Amino acid sequence: MKPLTEPEIRTAFVNCTKGEAKRLSVPRDLAERPWDDLDFLGWRDPQAPDRAYLATERDGRPVALALRCPSATSWQTRRSMCSMCMTTHTGGVSLMVAAKAGKAGQQGNSVGAYICSDLACSLYVRGKKDAGVGARLPESLTLDEKIQRTVANLAALIAKVTA
Ligand SMILES: [Zn+2]
């Protein structure tokens with residue numbers, strides 16, 4: 001994806017208030033991120049471990065989501081699969097909850113998805129990050145098809161949040 005700047009990311013949030021988007025922590029090393037290998041930039045908040053964020057592009061415009069990760073529970077020690085990139089991790093997948101955009105979100109509606117805890121889906125798909133033995137099921141899809149699938153899964157999540 002095209003590199004994003006901090007102001008672009010802050011203004012791209014669709015499911016938190018402007019004040020929250022202004023205050024939340026955006027990585028300082030944006031210039032060093034491997035943008036060419038990213039379908040989205042995902043990061044955890046170093047100050048608030050239950051918060052995560054992701055930023056991507058849809059129809060040529062930046063879109064970012066604020067996510068909550070409920071605290072670790074027993075299921076996290078089991079093997080589970082990321083619903084974005086289909087990587088299976090032991091204890092490395094988190095349930096992330098996104099408040100819906102606008103009124104629905106203010107009324108407490110949210111959308112949940114199981115996502116790689118480090119939000120490095122793009123790198124797992126491309127084999128640039130290793131999730132360990134058995135992390136990827138043998139598939140006949142090409143790399144391009146797997147990338148397309150990840151992008152489609154993410155687009156579906158964003159569509160649910162903004163619906
Ligand atoms: Zn993933």
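This is a predicted model: local features need pLDDT of at least 70, side-chain atom pairs count only at pLDDT 80 or more; totals for chains, interfaces and linings use all residues.
Residues are numbered from 1 along each chain as its sequence is written.

The chain has 5 helices and 7 strands. Here helices (H or I, at least four residues) and strands (E, at least two) are DSSP runs, numbered from the N terminus. Read from the N terminus on, the order of the elements is α-α-β-β-β-β-β-β-α-β-α-α. Along the principal axes, the C-alpha atoms of the chain fill a box of roughly 45 × 35 × 30 Å. A compact globule with 163 residues would have a radius of gyration near 15 Å, and the chain agrees with this, because its own value is 15 Å. That radius is taken over C-alpha atoms, and the globule rule is 2.2 Å times the number of residues to the power 0.38.

Buried residues make up 31% of the 163 residues in the chain. A residue is buried if 20 or more other C-beta atoms lie within 10 Å of its own, exposed if 12 or fewer, and partly exposed in between, with C-beta atoms placed from the backbone. Two residues are in contact if their C-beta atoms, placed from the backbone, lie within 7 Å. Among contacts between residues at least 6 apart in sequence, 60% join residues at least 24 apart.

In soluble globular proteins, nonpolar side chains tend to be buried together. A nonpolar core is a set of buried Ala, Val, Leu, Ile, Met, Phe, Trp, Tyr and Cys residues joined through C-beta atoms within 7 Å. The largest such core in this model has 40 residues, of which Tyr53, Leu54, Leu65, Cys116 and Cys121 touch the most other members. Two or more residues of this core come from each of β1 (41–45), β2 (48–58), β3 (61–68), β6 (93–99), β7 (110–116), α4 (121–125) and α5 (143–162). The element that gives the most is β3, with 5 residues. Not counting residues up to four places away in sequence, Leu54 touches Phe40, Leu41, Gly42, Ala64, Leu65, Leu67 and Leu119.

The strands β2 and β3 pair in the antiparallel sense over 8 bridges; two strands pair if DSSP finds at least two bridges between them. Ala55 has Ala64, in β3, as its bridge partner. The hairpin of these strands has 2 residues between them, and Asp59 takes a positive phi near 50° there. This is a positive value in a residue other than glycine. Asp59 is exposed, because 6 other C-beta atoms lie within 10 Å. By contrast, Val63, in strand β3, is buried, with 21 other C-beta atoms within 10 Å. Apart from neighbours within four places in sequence, Val63 is in contact with Ala12, Val14, Thr56, Glu57, Arg58 and Ile158.

Another antiparallel pair is formed by β6 and β7, over 7 bridges. In this pair, Gly112 of β7 is the bridge partner of Val97. Of the 7 residues of β6, 5 are buried, and the strand is thus mostly covered.

The helix α5 has 20 residues, which at 1.5 Å a residue should span 28 Å; its end C-alpha atoms are 29 Å apart, which agrees. The expected span is 1.5 Å times one less than the number of residues. The buried residues of α5 are Thr150, Leu154, Leu157, Ile158 and Val161. They lie on the same side of α5, because they cover an arc of only 100° around the axis, the arc being that of the directions from the helix axis to the C-beta atoms. These buried residues pack against β2, β3, β6, β7 and α4. On the other side of α5, Asp144, Glu145, Ala152 and Ala159 are exposed.

Ala120 is buried, because 21 other C-beta atoms lie within 10 Å. Leaving aside neighbours within four places in sequence, Ala120 is in contact with Gly42 and Lys129. Although Ala120 and Leu38 are 82 residues apart along the chain, their C-alpha atoms are separated by 8.5 Å.
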